[in-house]
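Look over the sequence and the model shown here. The paragraphs after them walk through a few places, one at a time.

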Amino acid sequence: MTDSTKELQEFRAEVSAWMKENKPADPGFLLPQTFMEVGSEEQLDFLLKWQRKVYDAGYLGMSWPVKYGGREMPVAYQRIADKEMLVHRVPIMFNVIGLGWAGPLILKMGSDEEKHRYLKGILTGEDIWCQGFSEPDHGSDLGNSQTTAVRDGDEYIINGTKIWTTFGNYAKYMILLARTNPDAERKYAGLSYFLSPMEVPGVKAVPIQKITGEYGFTETFFDNARIPADCLMGEEGQGWGIAMQTLQFERSAEGG
């Protein structure tokens with residue numbers, strides 16, 4: 001048995017013991033089994049407190065750099081922590097778009113300023129993220145996205161609609177794909193990618209009721225919403241490539 005194997009086994013035992021001791025008691029209301037089922041402030045508050053407790057214990061964002069709120073450990077440790085969460089059937093990590101998509105993307109492609117601005121809030125749950133890719137008339141055909149972003153000095157003016165926006169009514173930020181050049185020779189070349197604030201005038205997220213009666217998504221409307229120009233990730237026209245990189249993280253365990 002190698003030292004690394006022994007260390008991983010000891011870590012697994014540590015996490016297992018912590019989960020067993022700290023697994024929350026039944027709160028007296030239905031807890032969602034997936035992130036798509038969160039539909040009440042009561043559930044939200046419970047899950048955010050749980051995420052913060054797991055983070056404070058050191059079991060979230062374990063492979064992320066220390067200076068951005070992580071522990072800078074091999075990703076194998078995060079995978080073990082994730083597995084033990086499943087084994088012990090503890091509540092889900094609520095901020096999944098941030099942990100699984102936005103966070104790893106910013107770690108890989110973001111500037112140092114973006115990493116300092118966004119990453120720790122993702123881990124603690126203070127900053128909830130949502131995704132603005134799909135549109136009512138184009139579904140998941142991202143190449144035909146028609147939401148527009150027009151540069152106006154130090155801001156972009158956003159107009160359009162996104163749909164199936166998980167956490168849209170709770171989120172502080174959105175990973176947003178928008179068209180900055182409607183005249184680009186190739187439709188993909190006209191798209192840009194934004195780390196967009198949600199708490200600005202002109203942004204409205206309306207919950208969508210599912211057939212089960214629950215609310216797990218929203219439709220998000222942008223009506224001359226102004227966001228800072230530094231919300232642009234990369235450069236104009238690079239949105240398609242960044243969006244494809246984002247989707248590569250959908251099934252990853254880099255966030256936890």
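What follows covers a pair of helices, several salt bridges and one threonine.

This is a predicted model, in which local features need pLDDT of at least 70, side-chain atom pairs count only at pLDDT 80 or more, and totals for chains, interfaces and linings use all residues. Residues are numbered from 1 along each chain as its sequence is written, and side-chain values use heavy atoms, with hydrogens and water left out.

Two packed helices are described by the angle between their axes and the distance between the axes. For helix α2 (residues 41-57) and helix α5 (residues 112-124), the axes come within 7 Å and cross at roughly 110°. That makes α2 roughly perpendicular to α5 (65 to 115 degrees counts as roughly perpendicular). Helices here are DSSP runs (H or I, at least four residues), as are strands (E, at least two), numbered from the N terminus. Axes are lines fitted to C-alpha atoms, for helices over the stretch in contact, and angles run from 0 to 180 degrees between N-to-C directions. On the α2 side the contact (heavy atoms within 4.5 Å) is made by Gln51, Arg52 and Tyr55, and on the α5 side by Lys120, Ile122, Leu123 and Thr124.

The whole structure has 11 salt bridges, each a side-chain nitrogen of Lys or Arg within 4 Å of a carboxyl oxygen of Asp or Glu. One of them joins Lys49 and Asp45, at 3.2 Å from N to O. Both residues lie in helix α2, 4 residues apart, about one turn of the helix. Lys49 is exposed, at 55% relative accessibility, while Asp45 is partly exposed at 40%. Buried means under 20% relative accessible area, exposed over 50%, and partly exposed in between (1.4 Å probe, protein chains only).

Another salt bridge joins Lys162 and Glu135, at 3.0 Å from N to O. Lys162 is in strand β3 and Glu135 in the loop between β1 and β2 (148-152), so the pair ties together parts 27 residues apart in sequence. Lys162 is buried at 0% relative accessibility, and Glu135 is buried at 5%.

Finally, turn to Thr246, in helix α6 (residues 239-248). Is Thr246 buried or exposed? Thr246 counts as buried because its relative accessible area is 0%. A polar atom of the Thr246 side chain lies 2.8 Å from the backbone oxygen of Ile242. Leaving aside neighbours within four places in sequence, Thr246 is in contact with Trp101, Leu105, Phe133, Ile175 and Tyr193.

Notes
A polar contact is a pair of N or O atoms within 3.5 Å; within protein, one must be able to donate a hydrogen and the other to accept it, and residues adjacent in sequence count only if both atoms are side-chain atoms. Angles under 35 degrees count as roughly parallel, over 145 as roughly antiparallel, 65 to 115 as roughly perpendicular and the rest as oblique.
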